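These are my notebook entries on one structure. I looked up its sheets, its helix packing and the contact of its chains, in that order.

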Amino acid sequence: MKKFDRERVLLAVAGPVIALVSAILLTSVVLIASGKNPFEPYRLMLQQAAYSDVQVLIINQASMYYLAALAVAIGFRMNLFNIGVDGQYRLAAMMTAVAGANLALPGFLQIPVLLIVAIGTGAVWAGIAGVLKVTRGVSEVVATIMLNAIATSLIGYLTLSDVWGVQVGNNMTTGIMHKSGWFPGIDLGPDVGEIYGLVFLAVLMGVAYWIVLNRTRFGFDLRATGASETAAAASGVDAKRMILTAMLISGGVAGLSGLPLLLGDAHTYSLSFPTGLGFTGITIALLGRNSPVGIAFAALLIAFLDKASPALDYATPVAYEKEIATIMQGLIVFAVVVSYEAVRQWGLRRQQKRVGAELAAELAHHASQKEVAA
Amino acid sequence: MTVAVLALAAAGCGKSSSDSSGGSSESGKYSGKGIGLAYDIGGKGDQSFNDAAFAGFQKAEKEFKIGGRDVEPSDNESTADKVERLEQLAKAGYNPIIGVGFVYAPAVKEVAAKYPKVTFGIIDDSTVRAKNVADLVFHEEQASYLAGVAAAKATKKNHIGFIGGVDIPLIHKFEAGYVQGAKSVNPKIKVESQYLTQTAQEGGFSSPDKGENAATGQIDAGADVIYHAAGLSGQGVIKAAAAHRVWAIGVDSDQYKQSALAAYKQYILGSALKNVGGAVYELTKSVVEGKPLSGEVRGDLKSGGVGFADSNPRYQAMKDVVAAVDKARQDIVEGKVTVRTQ
């Protein structure tokens, strides 16, 4: 068992805390510059978080953010930047919706099948980038960005009414999924709403992520390859295989991130299915420092900003623009990058100092011993 | 409990959710707080569809001396957030509450069932059927047919273009009507057709640069009249047309009269009108007068819900074009011509 290291914990917490505090301060500066009360919006948003129906919205949204961010984090751990989570989850959600509308198995089979379709689609889509990287050396950043655009076009094609699309009014959908594929949620009454059942899947995935990374050979290889590809290769890890596997897993998890909404509420993929989860996932993975607990907090925080901010528009007597929350999210990303680097350097310096001090003490010790001997 | 608290937060004036439902009482006297207008992503400020809704909102606000609130959505949101938004408006006592755009359909359906005393409107969707919901839809293809006739008459090269904002069924209606109208004049006419993006989130309705590029491409290919159904992106289309001294046809509002486009207006042949503002105004009026509209309210050429704007004197000077458009209008109103929607 590792010894509880106060300094390590301090360093881990300092980054996000400094980032958050400076993001809040900078947002206040923006508020002051536009002639508004610099603190009232925070109070209004915190007030929102106390309402149970807003809490339900936050939890539901956070579950999707969490899965998307885990997908990004798996890549980060391996030093891979999977920007394609966005395309992967949208394509996966669409394919799952199509499967759900055209398959009618009993629930205990239907739901696993749908999960497999989602994971498979996401993995295949990310796998394309993985294969390109290991065989042709194409940067996964470029490949996944392009795959996002291709996914958009592919979805546009596959949801045409002469392919798999079903037009409802002016909306293109994939048809309503069979009831056996609807994942039951926790209904808290008509005024509060329903927590998606797949919120628990997000939690499970978080646990699995931690176990795989920290308690398995595979996780060790992954982290080792991420830290230094050449060193890992020297110790017998097949780096190419690791890259491909990491991309596949990242894509598979990405494929799941649209499902809480799809199986819990929407039951169809349509023009109004949310986009952009993958990009928010990058923010969250950064803020959460790729740790399963950190990402959970970060996902809740961003979901809170999303869901509590609309109330700013209705605030009385003075309404605020809810875009304040968007500004804050942007500033958080900005502050996170700066503060993590600052904290890392500070930590390094402290370490160097400590090592230096220990060495000096040792030298002094030797010197005094010599004197005694002499 | 939560609801009451939330209602307090939203309304800020001690009402509980049970008694805050505004609306017209038996005597017909309006007791709501005003109009609630909810946009979709990239809504307000598009100089087109959404701003037309806002214009109707302002007109009604002023004329009936009632309040109003228009709200925009946030990114990454799903129907649950739209439901929340409409509910907050309903709890705050707004009546009518109008969802601008078909993506609001599931949300309107859900919230309308919870607030039977409030009148809801949904623009561009006719799938929600309830006693307290008015489906405000339009025969866009009819106005587009007139645009097609005008384009086919005005072109010198028998080559025209269409630019749609986003590749979705709603915009396909504009293209279908336009192509049919143009072919009714000249079956051999060449029509370029292009959609800027696959999804609205990519900015097909809100990127003038995309519109300008697409229009320049079509003009280079030989088109000399270009019709756009692309919201704010259409500004780029009109700009490109003016730069190459060819015709552009506007959409939704009379774009000849828009101040943002004043520099290019002499190249705006006309505009296919879609009276979204009128629909918002009429629905509000009906609620204020105590006889709320309900069911499908479809604007067509006959009712004036759609039309073709002819403000440009250069257009009016082309008598044969004007005559052909008038004739087509007559034929559609009399039912001699049925315009396709796909």
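**Entry 1: the mixed sheet of chain B**

I began with an open sheet of chain B, in which 6 strands stand in the order 7-6-8-9-10-12 with mixed pairing. Two strands pair if DSSP finds at least two bridges between them. Strands (E, at least two residues) and helices (H or I, at least four) are DSSP runs, numbered from the N terminus. I noted strand 7 (190-197) and strand 12 of chain B as the edge strands, since each pairs on one side only. Neighbouring strands of this sheet are turned by 15 degrees against each other on average, direction ignored. Such angles run from 0 to 180 degrees between N-to-C directions, and axes are lines fitted to C-alpha atoms, for helices over the stretch in contact.

I must record that this is a predicted model, in which local features need pLDDT of at least 70, side-chain atom pairs count only at pLDDT 80 or more, and totals for chains, interfaces and linings use all residues. Residues are numbered from 1 along each chain as its sequence is written, while chains are lettered from A and ligands numbered from 1 in the order in which they are written.

I next looked up the pairs within the sheet. Strand 9 (residues 247-252) of chain B runs parallel to strand 10 of chain B, and 5 bridges join them. There, B:Val251 has B:Ala272 in strand 10 of chain B as its bridge partner. Helix 5 (residues 140-154) of chain B packs on the sheet and touches strand 6 (159-166), strand 8 (225-229), strand 9, strand 10 and strand 12 of chain B; its direction makes about 170 degrees with that of strand 10 of chain B. Contact between two residues requires that their C-beta atoms, placed from the backbone, lie within 7 Å.

How do strand 10 (residues 268-274) and strand 12 of chain B pair? I found the antiparallel sense, over 4 bridges. B:Lys274 has B:Val306 in strand 12 of chain B as its bridge partner.

I then followed strand 12 (residues 306-309) of chain B: B:Val306 and B:Phe308 point one way, B:Gly307 and B:Ala309 the other way, and all are buried. A residue is buried if 20 or more other C-beta atoms lie within 10 Å of its own, exposed if 12 or fewer, and partly exposed in between, with C-beta atoms placed from the backbone. In a regular strand the side chains alternate between the two faces of the sheet.

Helix 7 (residues 208-221) of chain B lies across strand 6, strand 7 and strand 8 of chain B, at about 160 degrees to strand 7 of chain B.

**Entry 2: the parallel sheet of chain B**

I found another open sheet of 6 strands, with the order 2-1-3-4-5-11 (chain B) and parallel pairing. Its edge strands are strand 2 (67-71) and strand 11 (295-299) of chain B. The twist averages 20 degrees from one strand to the next. Strand 1 (residues 34-38) and strand 3 (residues 97-99) of chain B run parallel, joined by 3 bridges. B:Ala38 stands opposite B:Gly99 in strand 3 of chain B.

Helix 2 (residues 49-63) of chain B lies across strand 1, strand 2 and strand 4 (120-123) of chain B, running at about 170 degrees to strand 1 of chain B.

**Entry 3: helix 4 of chain A**

I turned to chain A, which has 14 helices and 4 strands. Of its 374 residues, 48% count as buried.

Helix 4 (residues 85-102) and helix 10 (residues 239-256) of chain A have axes that come within 7 Å and cross at roughly 55 degrees. Helix 4 of chain A is therefore oblique to helix 10 of chain A; angles under 35 degrees count as roughly parallel, over 145 as roughly antiparallel, 65 to 115 as roughly perpendicular and the rest as oblique. A:Val85, A:Gln88, A:Tyr89 and A:Ala92 in helix 4 of chain A meet A:Gly251, A:Ala254 and A:Gly255 in helix 10 of chain A.

I also checked helix 5 (residues 107-136) of chain A, whose axis comes within 8 Å of that of helix 4 of chain A, crossing at roughly 145 degrees.

**Entry 4: where the chains touch**

How many residues does each chain bring to the contact? I read 35 residues from chain B and 35 residues from chain A. Helix 1 (2-11), helix 3 (79-91) and helix 6 (169-185) of chain B each supply at least two residues of the side of chain B that touches chain A.
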